[in-house]
Amino acid sequence: MFEFRQISASDSFVILVLTAGFGDGHNTAAFSTAEALRRLCPGEDVQTCDLISEVQPRIATVLKNLYQQAITHFPSGWRLVYRMLEKSDVDPQDSAWLAPLVRGLREKIETLQPRLIISTYPLYAALMDALRKQHVPLPRLVTIITDSISVHRIWLMQPSDLYCVADAETHEVVEKLGIPANKVTITGFPVSLQFTETLPPGATQPGVQRILYLPSTTGRRVATTLAALKPLLEAGVKLTIPVGKHSSRLYHVLRKFTDAMPQARVEIIGWTNRIPELLRTHDVVICKAGGAILHEVLAARIPAVIDYVVPGQEEGNAEMLLSRNCAYRTFTSKETGEAVAKVLANGGKVGRQMQANMLAISVPDAAIRTAQIALEMASPLATKESLSATKQEA
């Protein structure tokens with residue numbers, strides 16, 4: 001496999017990891033891969049960057065808010081946009097708002113002179129292709145595709161030196177879309193390295209059944225889902241709800257529920273970096289079909305009840321678990337409550353079977369695997385001086 005040489009800080013080697021905050025999957029893959037790179041090569045200068053937010057902060061904020069509103073409240077409208085994007089060509093040279101991103105990426109490359117760029121968002125391949133046409137010397141590009149099975153065409157419109165995919169089904173899909181097999185490798189989806197570490201003392205609670213609920217649907221749907229879980233809570237099951245970025249919009253829903261059930265064992269958590277721990281210490285999770293969360297589910301091997309699927313981009317993620325009997329898909333709050341009860345019934349018999357089904361496709365060390373493959377693509381002897389010389393010759 002790859003042989004690592006110790007790199008000193010004085011070498012000033014840089015690896016640039018590009019992400020974008022449209023959904024959690026891109027950031028999870030980027031930050032987890034960067035974490036693995038730092039662990040494997042402690043002398044590397046690994047920099048993670050959301051170039052869109054950095055160069056176009058106002059536009060990025062508006063687009064991210066519109067995206068969140070669309071997938072939460074107008075899924076049919078988002079499905080239409082998603083399909084339209086499949087038929088469009090992304091050409092940064094002809095787009096007024098993309099041109100600054102091309103300039104921003106060029107400045108970053110010329111300043112940092114990275115020996116490798118890793119991208120977890122499809123737009124960056126288009127930006128690099130535009131720079132290539134401008135005869136800008138570029139390092140190699142490794143693209144981490146954060147979709148499973150239902151891969152959007154936009155990932156493959158511009159070339160990348162290597163594509164990292166989560167599973168064999170996605171590998172097959174990418175090949176059918178025209179990418180040579182030698183440019184696609186299966187690494188698993190990069191999740192936090194916390195999934196490979198020992199749990200802290202006292203993290204588990206033997207004898208207590210625990211539900212983890214990651215709410216992402218509308219406030220009304222969250223309220224009815226909580227109501228559907230009420231019989232389980234009355235029977236002594238514990239419920240944990242990390243609300244994160246949804247804390248403001250769900251405050252009154254959650255407050256009303258906890259006030260109505262003061263004796264219930266309900267723990268509400270705000271922003272937290274303990275999601276890997278929580279997934280590994282609960283018996284079932286209720287969540288949407290996001291690329292990051294479902295691969296975290298696999299890494300933790302926790303049975304999932306998928307209560308929402310974003311049209312288009314998340315359908316393949318759901319299929320990945322459902323086809324292997326690792327999860328239930330529900331369309332109403334009543335179905336969600338019934339599915340959770342089924343997982344927990346008879347001491348969690350169904351849940352244990354789901355965990356066994358996950359074993360073959362659980363890749364908790366995917367970030368390490370991705371980092372190793374990416375480093376094989378980098379130029380190990382590249383230095384700032386050699387890159388500068390290459391630029392001058394060009």
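This is a predicted model: local features need pLDDT of at least 70, side-chain atom pairs count only at pLDDT 80 or more; totals for chains, interfaces and linings use all residues.
Helix 7 is a handy place to start. It spans residues 168-176, and T170, H171 and V174 are buried there. Looking down the axis of helix 7, the buried residues fall within an arc of 105°, so they line one face of the helix. What do these buried residues pack against? Their partners are strand 5 (162-165) and strand 6 (184-186). The two ends of the helix have details of their own. At its start, D167 points a side-chain oxygen to within 3.4 Å of the backbone nitrogen of E169. After helix 7 comes G178, which has a positive phi, near 110°.

Next, the cores. In soluble globular proteins, nonpolar side chains tend to be buried together. Here, the largest nonpolar core holds 56 residues, and those touching the most other members are I118, L279, V285, L294, V297 and L321. Take V285: leaving out neighbours within four places in sequence, V285 is in contact with L212, L214, L279, V297, I302, P303, A304 and V305. Another core, of 27 residues, lies apart from the largest one, and its members include A20, Y67, L112 and L131.

Finally, there is an open sheet of six strands, paired in parallel in the order 9-8-7-10-11-12. At its edges sit strand 9 (266-269) and strand 12 (327-329), each pairing on one side only. On average, neighbouring strands in this sheet are turned by 20° against each other, direction ignored. Strand 8 (residues 238-242) runs parallel to strand 9, and four bridges join the two. Within this part of the sheet, T240 stands opposite E267 of strand 9.

Key: Residues are numbered from 1 along each chain as its sequence is written. Side-chain values use heavy atoms; hydrogens and water are left out. Buried means under 20% relative accessible area, exposed over 50%, partly exposed in between (1.4 Å probe, protein chains only). The arc is that of the directions from the helix axis to the C-beta atoms. Contact means heavy atoms within 4.5 Å. A polar contact is a pair of N or O atoms within 3.5 Å; within protein, one must be able to donate a hydrogen and the other to accept it, and residues adjacent in sequence count only if both atoms are side-chain atoms. A nonpolar core is a set of buried Ala, Val, Leu, Ile, Met, Phe, Trp, Tyr and Cys residues joined through side-chain atoms within 4.5 Å. Two strands pair if DSSP finds at least two bridges between them. Axes are lines fitted to C-alpha atoms, for helices over the stretch in contact, and angles run from 0 to 180 degrees between N-to-C directions.
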